[in-house]
Amino acid sequence: GSLRAEIPVTELLKDDPKNWGRWGPDDEVGGLNFLTSQEVLRGVQSVKQGKTFTLQIQMCHPKGDPVWPGRKDPVRINVMDKGHYMCGKGPVFPGHAEYADDVLFMYLQGSTQYDALGHVWCDDTLYNGYDARTTAGGMTKASVLPIAERGIVGRGILIDMARHRGKPWLERAETFTHEDLMAAAEKQGTKIEKHDILIIRTGWIGSYYKREKDEFYKDFMEPGLTYSKELVKWFHEMEIPNLVTDTIANEITADPVSGVVLPLHNALMRNLGVTFTEIAALDDLADDCAKDGQWTFLYTAAPLKVVNGTGAPVNPVVIK
Ligand code: UVW
């Protein structure tokens, strides 16, 4: 609708660092390469209590699921149930066992999900320099499959921006910067370490279930992290492998200065190979972290192995 950019994204990101070629010309998992066995053990060392949390939103919720405008939320359809048997249409197995079956239609970006590194691009070029034409008819480069084959395990850290600002959720279009992120971490008494899986709570996805749907989508502009040269430099130097948030797109919908839409998708995902995990459910985990003061944990995630996929649904598990 009213979105308008003053400059192209390539100009906004001019001279920003890139990790292309860092892991060879065939790499498709980017920053996940930082998650070595040593990093897995660092994650394991942060397990103190044996508490577990799952970070996927429910799929096919009666209210509908929160998705990027223009996408449709997942639809589950029964194709076999007791009704079929009652109408004489259920297959009769020897011994009379009966069953129920269903089918799911969904956008692969339509629930909590891992993005493929090639999911968003500019200048006709994907992460690692792959030609954007390799996305045609199904991604053959930098798809979600290599990410799913690998799995994601490391030390996770939660930064609660909503709590930091003293509100249940950040408002429409509310921004926060690299500096705000550092201030929130400090107030929590936590320190983001090199190679941490960075999880940022805004409260936004949780708010979907507490408000009228129309209000959530009205003049759609999610709250989120804003682009800056310092932020990109920090992600680069800290070698952050994975950014997880409870918003649909992990960043402010449009950069408030340039108007460029989703610049961090290009600055972090395409240029640095930071894997994005979106639409995460973080409210329960955050409540617990605020109670016991433990904001770091073992983070594990196994996105579905979708061949040529631009993304894949996931239910990450966190162990504190
Ligand atoms: C878009 O592709 C628009 O965003 P997302 O990464 O949130 O799926």
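Apart from neighbours within four places in sequence, Leu13 is in contact with Pro263, Asn266, Ala267 and Asn271. Two residues count as in contact if their C-beta atoms, placed from the backbone, lie within 7 Å. The model is predicted; local features need pLDDT of at least 70, side-chain atom pairs count only at pLDDT 80 or more, and totals for chains, interfaces and linings use all residues. Residue numbers start from 1 along each chain as its sequence is written.

Leu13 sits in the loop between helix H1 (9-12) and helix H2 (37-45). Helices (H or I, at least four residues) and strands (E, at least two) are DSSP runs, numbered from the N terminus. Leu13 counts as buried because 22 C-beta neighbours lie inside 10 Å. A residue is buried if 20 or more other C-beta atoms lie within 10 Å of its own, exposed if 12 or fewer, and partly exposed in between; the C-beta atoms are placed from the backbone. Leu13 and Leu264 are 251 residues apart along the chain, yet their C-alpha atoms are separated by 9.4 Å.

The contacts of Leu13 include Pro263 and Asn271, and both are among the buried residues of H10. Helix H10 spans residues 263-272 and is mostly covered, with 10 of its 10 residues buried. These are Pro263, Leu264, His265, Asn266, Ala267, Leu268, Met269, Arg270, Asn271 and Leu272. The cover over them includes H1, strand E4 (113-115) and strand E8 (224-225). It also includes helix H9 (229-238), strand E9 (242-245) and strand E10 (275-278). Gly273 follows H10 and has a positive phi, near 80°.

The loop between E9 and H10 holds Leu262. Leu262 has a positive phi near 50°, although it is a residue other than glycine. Leu262 is buried because 20 other C-beta atoms lie within 10 Å. Asp255 is placed in the loop between E9 and H10 as well. Asp255 has 22 other C-beta atoms within 10 Å, so it is buried. Leaving aside neighbours within four places in sequence, Asp255 is in contact with Thr226, Tyr227, Val260 and Pro263. Pro263 is also a contact of Leu13.

His195 lies in the loop between helix H6 (178-188) and strand E7 (197-201). With 20 other C-beta atoms within 10 Å, His195 is therefore buried. Ser37 and Val153 are 116 residues apart along the chain, and their C-alpha atoms are separated by 9.0 Å.

The largest nonpolar core has 77 residues. Such a core is a set of buried Ala, Val, Leu, Ile, Met, Phe, Trp, Tyr and Cys residues joined through C-beta atoms within 7 Å. Those with the most contacts inside it are Leu158, Leu198, Ile199, Leu268, Val274 and Leu282. Leu268 is one of the buried residues of H10. Beyond its neighbours within four places in sequence, Leu158 is in contact with Ile199, Arg201, Leu282, Leu285, Ala286, Cys289 and Trp295.

The residues around the ligand are Trp68, Gln109, Asp115, His119, Val120, Ile248, Ala249 and Glu278. A residue is counted here if its C-beta atom, placed from the backbone, lies within 6 Å of the molecule. By class, this shell has 4 nonpolar, 2 polar and 2 charged residues. Ala, Val, Leu, Ile, Met, Phe, Trp, Tyr, Cys and Pro count as nonpolar, Asp, Glu, Lys and Arg as charged, and the others, Gly among them, as polar.

The chain has 11 helices and 13 strands. It is divided into domain 1 (9-70 + 108-319) and domain 2 (75-104). These bounds come from an automatic or database domain assignment. The C-alpha centres of the two domains lie 39 Å apart. Buried residues make up 43% of the 320 residues. Among contacts between residues at least 6 apart in sequence, 82% join residues at least 24 apart. The C-alpha atoms fill a box of roughly 65 × 50 × 45 Å, taken along the principal axes. The radius of gyration is 20 Å, which agrees with the value near 20 Å for a compact globule of 320 residues. That radius is taken over C-alpha atoms, and the globule rule is 2.2 Å times the number of residues to the power 0.38.
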